[in-house]
Amino acid sequence: MSSTAPVIDVDGLRLSYGTFHAVRDLSFRVERGELYALLGTNGAGKTSTLEIVEGHRAADSGRVRVFGHDPRNRRAVRHRIGVMLQESGFSPDLTVEESVRLFGTLSRRSDSVPRVLGVAGLTHKAGTRASQLSGGEKRRLDFATAVYGTPELVFLDEPTTGLDIRSRDALWAAVDRLREDGATVVLTTHYLEEAQQRADRIGLMHEGVLKREGTVHELTRTLPAVIRFTLADTAPRPPVPAVRRDDGSVVVETFDLEADLYTLLGWARAHAVELRGLEAGPTGLDDVFRALDDR
Ligand SMILES: Nc1ncnc2c1ncn2[C@@H]1O[C@H](COP(=O)(O)OP(=O)(O)OP(=O)(O)O)[C@@H](O)[C@H]1O
């Protein structure tokens, strides 16, 4: 495989459970060194897709290549990928250290167990049995096994669910270091702000189909940003196109947030008008999600 070939190449993927079509003609690529976030509504087919790409499940049809190989060819692919599943079945009687060592051996990559425990923030829990870990600590153990041996491709399935803010920051710092080492990362999460901050590109799945794909900017620029405030009944008409409701609340939808905000603030000052509860922000991924059914 040449160095410019995509790390993941999915073309026309289909998967059904009985008569239910969970994944319908899905195509996407992940380039080397990218952080690609596969996001979607509940039941959209993300986990099913990733199980196929990770080599755990066979597709009904379509072509899937990981590092140029069929991911079912485990000898060619498995040692190059690290997977953080939503639930990894650790043996409850093994300690944290033993679990990491076992998964490390299975990965066929080499690393230092103390290093990996340090990266995952689990050094102080090395001797604790997996069954005695808290939810967040289990998540960190999942992460530790995924990053053992610095794999070239890492799948992070809901990596920060159940983690407190400091553990989240530590996990993302560890992901940043992996990326500095050249790793490609595939992320699924329902924390849209994490994807918005971290992803180079995002694929948005809904009902088995990739509805939208692109950078955050590409996904959000087709929707207007919103400015909201409340005006007194006696206030004059705002200088920008706005919807004014009976309760005095005003909504401005704009593709030029900065200019409209500037105009509004200047107008408010000139007319001594109070823009009560003023809120303004760029369009977010959450807005793109809410608009999914509208197109
Ligand atoms: N083993 C199975 N048998 C039957 N239906 C299944 C099976 N696994 C998943 N499904 C169905 O396929 C659809 C896609 O499921 P999948 O877990 O891939 O979605 P998801 O995008 O990961 O969802 P979520 O965000 O809720 O985790 C869902 O409607 C689910 O109920």
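In the predicted model, the shell around the ligand is formed by Tyr 17, Phe 20, Ala 22, Thr 41, Asn 42, Gly 43, Ala 44, Gly 45, Lys 46, Thr 47, Ser 48 and His 190, a residue being near a molecule if one of its heavy atoms lies within 4 Å of it. Residues are numbered from 1 along each chain as its sequence is written, and side-chain values use heavy atoms, with hydrogens and water left out. Local features need pLDDT of at least 70 and side-chain atom pairs count only at pLDDT 80 or more, whereas totals for chains, interfaces and linings use all residues.

An N or O atom in the side chain of Thr 47 lies 2.6 Å from a ligand oxygen, a polar side-chain atom of Asn 42 lies 2.9 Å from one, and a polar backbone atom of Ala 44 lies 3.1 Å from one. The protein buries 61% of the 640 Å² that the ligand exposes when taken alone (Shrake-Rupley method, 1.4 Å probe). Strand E2 (20-30) and helix H1 (46-53) each give two or more residues to the shell, with H1 providing the largest share, three residues; helices (H or I, at least four residues) and strands (E, at least two) are DSSP runs numbered from the N terminus.

The chain is assigned domain 1 (8-219) and domain 2 (223-294), with bounds from an automatic or database domain assignment. Their centres, taken over C-alpha atoms, are 40 Å apart. Domain 1 contributes 12 residues to the contact and domain 2 eight (heavy atoms within 4.5 Å).

Conventions
A polar contact is a pair of N or O atoms within 3.5 Å; within protein, one must be able to donate a hydrogen and the other to accept it, and residues adjacent in sequence count only if both atoms are side-chain atoms.
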